[in-house]
Structures are given as C-alpha cells and as structure tokens.
Amino acid sequence: MQKTTRNTTSLAVLVLMLAPALSHAVDTVSTNVAPLAPTVKPAPAPLQPFPAVKADEYKEVDVWGRIRTGYAIPDIDNELVSKHVKWYSTRPDYIARTSARASRYLFHVVQELEKRNMPTELALLPIIESAFNPQAYSKANAAGMWQFVPGTGKDFNLKQNMFKDERRGVLASTDAALTYLQRLYSMFGDWPLALAAYNWGEGNVQRAIKKNQALGKPTDYESLYEHMPAETREYVPKLQAVKNIIANPAQYHVSLPVIDNSPYFTAIDKTSDIDLTIAAQLAELSVEEFKALNPQFNRPVITGGEQTKILLPQENAEKFHLNLAQWGRSLSTWTTHKITGAKDSIASLASRFGTTPEVIRQANNIPASTRLKAGSTILVPKISTSVQSDIAEHVVDNAVMAFEAERAGRRGGRAEKQTNAQRLKGKVAELKTRVSARNAKAAANESSRYKRRGG
C-alpha cells in the first residue's frame, strides 16, 4: 500500500536550481505510511486539486509507470484476489487486446485523476468494467468503458439521444465517472466501499453497512461480503489483481505493451454537421479508428452545437484542418424527415429520397420486419447537395423513433395487395373446380344407380 506525499526537500532543491521556471511541487511516492482513509464515517475532507505538473518536472517512461507511482488505495489480499490474479496473468491475449484499446485513452484518464488528486489505480477500473471498450453494452443497459446505466448517465449530464450517447464518449464519460467516484468516496470515506457503491449502488452499500452496525460487526468492504451479490464481492478483488500485475508484471510472467506517457489524441471543434465517413477521410483515418476515438456518435452524421468535439490523434488533427480547407464540398449528405403516417413506408421514403430501403434502415438502426410509427424522426439523404443547413439543435435533442411490427398484407404495398388478390382468385378458381368435379362425380354415380335399377 502506498500514498502520495509532498517531498519538500526535493522541492527546495528544484526551486534553487530551476527558479523561477518551476512553480509547482513534485509529488513523489512514500511507502510505510498510514491507510488513505478510515473505513467508517465521518467523511474525509474534500479532495484538493492535483497540482499542475510540467513535462520537464515529471516524466515516466510509460503510462504504466506513471500509474504505479500514484497507487493510494489500501491493498487487500484474499482468495478472490489470488483467483483473479491467476485468471488475468494466464491470458496474455486478453491483456494484449485490452492494452491495445487502453493505449488510446489511458493517458487522458491518468491525467484527469491527477488533476483531482485521486488514486491513479482507478485508471485501471475500465479493465474491470469493459476491457477498455467504449462500445461495450451490458444486459443491464450499461454503456461505454465506464459502464453507465441510462439513469446514472442522466444524473451526470451525459446526453443520450438518437444522434449520440455520451455514456460512450471518452471525455464526457471519464469526467462523469471520476466525479461520481469522488462523490462516493466523500459519502463513505473509503475507496473500497466507494467502488462497491459504483458497482452496486450507494443505497445498497448503505443498507449493508447499517445491517452490520446493528449486529455490532465491522463495516469495511470485506466484512460486508455476505450482503453483496457475487459481482460486487469480486469487484475490488479484480481491481486489486490487475493492480498487482501492473505493479510487478515480471513476477506474474506478464509482458505489458509500452503505452507512451504522452497524449494520444487532441480535441478539435466541429464547425458544422459532418458525415462520419467524411470526417474520417479528412483526418486520413480509417472509419474504425475514427469511431474508436469518437464512439458516442450513433448516426452516420455528426450533429450538435459548438460544444461538440471530435477527437483525433495530433498528427491527424493537423491533416484534418489542411484537408478541410481544400474540401470545397458539402460536409454532410444527411437531413431529417418526420414520419406523419402509414404512407411513409420505408420503401416509399427510399424512392422519394433516391436511395434504397436497406440504406435507410442501416442509417437509422431500424430492425428488419418493422415499420416506423407516426411522429418518428429519421435520417434521410439530402435530395439536393446545395442544401447546406445543419440539423436544428432542437431536432437533435428531441428526436424520437418508434417501431411496430409490419402488418400482414402491407409489407410490400400495392404490389403485395395485388399478389394477395391473385392468390385469393386462384384459390376460388381451385375451389370451383373441386366443386364442379365433385358434382360431376355425384351426377355420374346417380346415373349409374338409375341404370342398375332399370330406369
């Protein structure tokens, strides 16, 4: 267990050597210190902002080293930790894939943790939550690398509409997750309990604490195991396992890919609506890589006001600006259309806007064998490339889409009705033929009986 402390002696030396260039102290790591916070109330004093650090003051070889120096959550050591250490350390392919995804986001997360004076091992939490996959989506409707459910996302002002889901956005979701964790730490005065609340909900943790208090039992994380669901019981042990491996990968025969201790991306302003594919083209990135940095956008066009940002690697951001200046064409090929009634079928809309039903379904994530209800707003291609207006912000914020199963006989419109009519006509003709044949047979039998009777 480690805790960050201020090294005043080093500061004095640095100030004498480099003054007045340096204006902030260097944070170093000290071992053999008391735990970070008590496991029971009262809550600790508010977290203070992490002092700004200049590049020439502090430089680790890679982000993993930077994370190690900021470990500050008390260690736990039990069978669950050993179980998960074994699981992670025996899956090098999993660690490699997760590290490759994390390489895009980890520097930013660590930097934001340091600004808030928070333990840097919290940067490893997305490994537990989503394996650093911002497109991850759970059965409980949790989304993004921090796995916010819709309600909690709204509590932390993460926009969720037809065009974007900020639970998946790198900047917005990281800011929300760290704010939430800070709030939970202030509530419980203990990082393991704060993490349990992040996974299980603060109300559940509070009730578990009250149960143990009523029984005269301790209220630390491990003492609450009996009240926790399995996922929460193993949540902190999983983080501890990853923390142990990152602290000493050689001990567990793990090879960590190097992740540079420098920004992977930069944020640029979006000046107008722009197709996602055009944005990727201007940045000279694959669509897959562009989506990895901008996973919050749900539709093929990026909408939104001045606050909407696009993340790009630094080199590609420069290419984006250069290519944009020479583009000279419309940046967006999409607009919106509001469904007014049953006449707005997918097939009729495709015909009206010069495309195919498949394109409309794909652009709007419309399931097969469904039709749109009246009041739905969908994306359609711009009929004229001269149309330059952006999709209005109130449309972006309020657009909804509702489906219903296609009704029998309406799936193919007039052609389907004609086919059904022909099918019915054929069945009627077939029935008449059968009746005629039956009548003819009956008449023949009657004639035969008449002859036998000598008529």
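Student: What makes helix 8 (residues 191-200) count as mostly covered?

Tutor: In this predicted model, 10 of the 10 residues of helix 8 are buried. Buried here means under 20% relative accessible area. The buried residues include Trp191, Leu195, Tyr198 and Trp200.

Student: Which helices do the buried residues of helix 8 pack against?

Tutor: They pack against helix 5 (125-130), helix 7 (170-188), helix 9 (202-214), helix 10 (230-233) and helix 11 (235-247).

Student: And what sits at the start of helix 8?

Tutor: A side-chain oxygen of Asp190 comes to within 2.8 Å of the backbone nitrogen of Leu193. The cut-off for a polar contact is 3.5 Å, so this pair qualifies. After helix 8 comes Gly201, with a positive phi near 105°.

Student: Which residues touch the most other members of the largest nonpolar core?

Tutor: That core has 71 residues, and those touching the most other members are Ile67, Leu124, Trp146, Phe148, Leu181, Leu195 and Tyr198.

Student: How do you know where this core lies relative to domain 1 (63-252) and domain 2 (265-326)?

Tutor: Both domains give residues to the core, so it lies between them. Apart from it there's another core of 21 residues, among them Ile339, Ile366, Ile391 and Met401.

Student: What does Phe148 touch, leaving out residues up to four places away in sequence?

Tutor: Its contacts include Phe156, Leu158, Arg167, Tyr180 and Tyr198.

Student: Why is Ser330 called buried?

Tutor: Ser330 has 17% relative accessibility. The cut-off is under 20%, so Ser330 counts as buried. You'll find Ser330 in the loop between helix 14 (314-325) and strand 7 (334-338). A polar atom of the Ser330 side chain lies 2.8 Å from the backbone oxygen of Ser332. Ser330 and Asp275 are 55 residues apart along the chain, and their C-alpha atoms are separated by 9.5 Å.

Student: Why is Asp273 said to have no salt bridge?

Tutor: The nearest side chain of opposite charge, Lys270, is 4.0 Å away. A salt bridge needs a side-chain nitrogen of Lys or Arg within 4 Å of a carboxyl oxygen.

Student: What does the side chain of Asp273 reach, then?

Tutor: It reaches the backbone nitrogen of Ile391 at 2.7 Å. With a 3.5 Å cut-off, that makes a polar contact. Asp273 itself is in the loop between strand 3 (265-269) and strand 4 (274-275). Leaving out residues up to four places away in sequence, Asp273 also touches others, including Val301, Thr303, Leu331 and Asp390.

Technical notes
Residues are numbered from 1 along each chain as its sequence is written. This is a predicted model: local features need pLDDT of at least 70, side-chain atom pairs count only at pLDDT 80 or more; totals for chains, interfaces and linings use all residues. Side-chain values use heavy atoms; hydrogens and water are left out. A nonpolar core is a set of buried Ala, Val, Leu, Ile, Met, Phe, Trp, Tyr and Cys residues joined through side-chain atoms within 4.5 Å. Buried means under 20% relative accessible area, exposed over 50%, partly exposed in between (1.4 Å probe, protein chains only). Domain bounds come from an automatic or database domain assignment. Contact means heavy atoms within 4.5 Å. Helices (H or I, at least four residues) and strands (E, at least two) are DSSP runs, numbered from the N terminus. Lys and Arg count as positive and Asp and Glu as negative; His and the chain ends are not counted. A polar contact is a pair of N or O atoms within 3.5 Å; within protein, one must be able to donate a hydrogen and the other to accept it, and residues adjacent in sequence count only if both atoms are side-chain atoms.
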